[in-house]
Amino acid sequence: MLTHVRAAIASLVVFTVVTGVAYPVLVTLIAQLVFPHQANGSLIVKGGKTVGSTLIGQPFDAPTYFWGRPSATSPFGYNAGSSGASNLSPTNADLVKSVQGRVDALRAADPGNTAPVPVDLVTASGSGLDPHISPAAALYQVGRVAKTRKLDESIVHGLVAQHTEGRLFGALGEPRVNVLELNLALDSR
Amino acid sequence: MTANGVLQLVFYMVVLLVLAKPLGAYMARVYEGRPIVLDRVLGWLERLVYRASGVTPELEMGWKTYALTMLLFNLAGVLAAYALQRLQGVLPLNPAALGAVSPDSSFNTAVSFATNTNWQGYGGETTMSYLTQMLALTVQNFVSAATGMAVAVALIRGFARRSAETIGNFWVDLTRTTLYILLPLSFVFALVLVSQGVVQTFSPYAKVAVVQPTEYDEPVTDKDAKPVLDEKGQPKTKKSTLTEQVIAVGPAASQIAIKQLGTNGGGFFNVNSAHPFENPTPLSNFLELLAILQISAALCYTFGVMVGDTRQGWAVLAAMTVIFVALLVVCVVAEQNGSVFVKQGVDHTASALQSGGNMEGKEVRFGIANSALWATATTSASNGSVNSMHDSFTPIGGLVPMWLIQLGEVIYGGVGSGLYGMLMFAIIAVFVAGLMVGRTPEYLGKKIESYEMKMSSLVILITPALVLIGTSIGVVTAAGKAGIANPGIHGFSEILYAFSSASNNNGSAFAGLSANTPFYNTALGLCMLFGRYWLAVPVLAIAGALARKKIVPVGAGTLPTHTPLFVGLLVGVVLLVGALTFVPALALGPIVEHLTW
């Protein structure tokens with residue numbers, strides 16, 4: 001019995017050193033050497049200032065910017081220190097009410113637009129940090145952004161097209177638009 | 001379903017099944033002790049483990065010793081993981097200065113990771129220091145997976161051997177699994193994930209200035225950090241402006257690689273693989289999805305090789321695949337076509353410009369097909385990682401993952417545990433067939449007698465008992481009901497899902513349920529313990545009993561177990577047991593919810 005106990009403890013110690021220390025440290029060393037940008041959070045640096053990460057969405061609610069997915073993190077949306085989802089069921093009246101509120105907010109910011117609202121623009125993402133919206137959700141907002149920025153719609157359309165990423169090999173994943181990158185491109189025009 | 005959706009699902013299944021053979025053959029070499037390339041690279045480490053722990057690798061064990069050493073090793077793991085969480089406040093590598101985890105949450109998490117469940121009552125980036133993530137969680141990710149695979153291999157040896165007293169050496173199986181299978185796969189996989197954007201750093205959380213400062217309602221707290229309530233009892237808030245975003249990072253890739261491969265599922269971040277740093281691209285998503293089922297699928301082939309008839313392995317794999325594909329289709333269709341928020345003026349139809357469907361709790365880069373595929377895969381294997389929130393699925397979309405868990409995690413299942421669970425069902429299936437024709441049942445040349453039947457019945461009955469009794473306690477006690485987030489029928493589903501997930505060692509959740517309370521931490525912790533070891537020990541007992549038997553020659557009355565007929569029989573038994581046990585409970589939850597929606 002005692003030999004088994006000894007073996008259990010000793011092997012746990014060795015496995016802790018191998019899989020808990022050596023393995024993550026070795027992966028970190030190689031990652032920092034070969035993929036430093038990705039390993040540190042794909043941060044975007046503009047004029048010496050870090051303005052965000054390409055993979056982490058930011059809150060936008062001004063009509064001059066494209067809006068991202070609603071975010072359920074607390075106490076504010078897009079809290080990248082504490083990811084979270086609403087976990088509300090589509091049968092829950094509270095969720096239906098929130099969706100109605102978001103639809104109303106979009107309509108209020110763009111009174112002329114009566115098209116149905118793309119579903120991803122009024123439903124909270126799984127992470128609360130989704131950096132993307134669907135191309136449909138971007139196109140829905142082109143008119144508003146162009147009007148409030150006094151730009152020609154075709155220019156804004158062009159920027160959306162530029163920041164639209166298709167499926168990998170035309171098959172994997174879904175087409176998407178990176179909201180932060182698109183808004184940064186708008187600002188630097 | 002969209003055409004592209006079908007294409008993505010078919011592509012996934014093809015790659016999964018094609019890779020099962022080479023990986024399965026490799027694993028058979030590892031377990032049979034035949035030479036492999038990695039001997040030369042890691043052989044010294046294997047010998048070091050044996051020397052440090054005083055183990056003689058050539059000395060084989062009977063089933064009782066095998067079970068005892070397995071339990072002792074797992075106990076040591078639970079204690080170490082518990083201690084590390086309780087002490088993390090005074091230990092190094094804690095840049096976010098996180099304090100000790102509460103005793104009940106530490107117990108729950110220690111058990112959760114040691115039993116390969118990886119139920120998470122806590123939020124990763126707000127609870128666990130880097131040191132805890134590495135030394136407690138990553139280590140248990142490896143060794144709990146290796147434990148499951150060791151038990152499965154011991155059972156396979158029980159079938160393969162004749163008139164033998166031993167079923168292998170636990171320390172050898174544990175060590176060889178970790179060093180030659182899990183570690184090299186994880187190492188390569190982690191680096192591929194980093195290339196896609198998964199973070200891997202020991203630096204503290206990053207801070208960035210947001211592009212558009214936004215206003216939000218900040219909860220007002222008193223000096224003890226408790227929320228202040230207004231006269232109506234609602235939390236008081238004040239207007240605040242958000243100018244800075246704190247971005248949690250950490251050594252994530254190394255942990256994510258093994259959490260996917262070892263059917264662990266415990267995320268580095270709170271929202272698991274929905275987090276863009278945990279699963280940033282369609283490619284990372286495809287590979288993480290593949291990793292969920294790959295080892296479990298390949299182990300079927302390993303089984304075939306080790307019992308000397310690969311057709312037996314393919315038959316088991318085929319039965320798993322039939323059930324998987326059928327339920328996958330149901331889940332995708334429910335999520336894609338569920339008519340959500342139409343009255344609110346929302347467009348949810350799929351088109352070239354959007355995936356449409358029920359997007360609440362889902363990420364745009366994954367859309368419907370990949371979210372539903374993940375939900376199905378992660379619950380058929382006992383992985384439990386998520387890339388979308390199951391609680392926000394439509395009633396039928398959410399029924400699929402819940403029922404897959406309740407089937408006992410045998411559709412591919414956990415690494416090792418899925419195969420040994422499915423082989424228990426195979427024993428029941430030959431028994432049922434034997435009853436029909438009035439012959440003593442046999443499987444792989446071994447007579448199935450009353451001892452094996454008693455043990456396999458135990459394995460199949462223990463988890464439903466845990467699920468149903470646990471859920472009943474949850475819905476009648478105040479402490480159980482306090483955690484419910486969605487009112488009404490869906491609240492019942494949240495509790496049913498929690499006990500199903502814990503008892504079957506899955507780890508995913510209808511995460512609206514506030515489960516980080518003493519009641520749930522304790523109740524679910526116990527379910528995880530019983531659901532893991534009360535199954536593993538009877539399985540080892542069967543292994544011991546089978547190893548002792550002689551091989552019965554194949555006769556005219558022998559039921560062949562590699563034919564489509566047997567596959568159909570096995571599928572029937574799994575579904576029948578699962579349906580008879582859980583349809584009443586499911587009827588009270590998702591089915592009524594669907595009908596009243």
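**Exercise 1. How many residues of chain B are in contact with how many residues of chain A?**

Before we start: this is a predicted model, in which local features need pLDDT of at least 70 and side-chain atom pairs count only at pLDDT 80 or more, while totals for chains, interfaces and linings use all residues. Residues are numbered from 1 along each chain as its sequence is written, and chains are lettered from A and ligands numbered from 1 in the order in which they are written.

*Solution.*
- Step 1: take two residues as in contact if their C-beta atoms, placed from the backbone, lie within 7 Å.
- Step 2: on that basis, 111 residues of chain B touch 97 residues of chain A.
- Step 3: strand β1 (residues 206-219) of chain B gives the most to chain B's side, with 10 residues. Strands (E, at least two residues) and helices (H or I, at least four) are DSSP runs, numbered from the N terminus.
- Step 4: sort chain B's side by class to find 61 nonpolar, 41 polar and 9 charged residues. Here Ala, Val, Leu, Ile, Met, Phe, Trp, Tyr, Cys and Pro count as nonpolar, Asp, Glu, Lys and Arg as charged, and the others, Gly among them, as polar.

**Exercise 2. Find the strands that join chain A to chain B.**

*Solution.*
- Step 1: strands pair if DSSP finds at least two bridges between them.
- Step 2: strand β3 (residues 117-118) of chain A and strand β3 (residues 346-347) of chain B run parallel and are joined by 2 bridges.
- Step 3: look at P118(A), whose bridge partner in β3(B) is D347(B).

**Exercise 3. Describe how α6(B) and α7(B) cross.**

*Solution.*
- Step 1: the axes of helix α6 (residues 130-160) and helix α7 (residues 170-196) of chain B come within 8 Å and cross at roughly 120°. Axes are lines fitted to C-alpha atoms, for helices over the stretch in contact, and angles run from 0 to 180 degrees between N-to-C directions.
- Step 2: α6(B) and α7(B) are therefore oblique to each other (under 35 degrees is roughly parallel, over 145 roughly antiparallel, 65 to 115 roughly perpendicular, and the rest oblique).
- Step 3: among the residues that meet are F142(B) and V153(B) in α6(B), and F170(B) and L182(B) in α7(B). By class, this contact has 10 nonpolar, 3 polar and 1 charged residues.

**Exercise 4. Work out the strand order of the open sheet in chain A.**

*Solution.*
- Step 1: its 3 strands run in the order β4-β6-β5, with antiparallel pairing.
- Step 2: β4 (132-133) and β5 (164-165) of chain A are the edge strands, each pairing on one side only.
- Step 3: 2 bridges join β4(A) to strand β6 (residues 176-178) of chain A, and H132(A) stands opposite N178(A) in β6(A).
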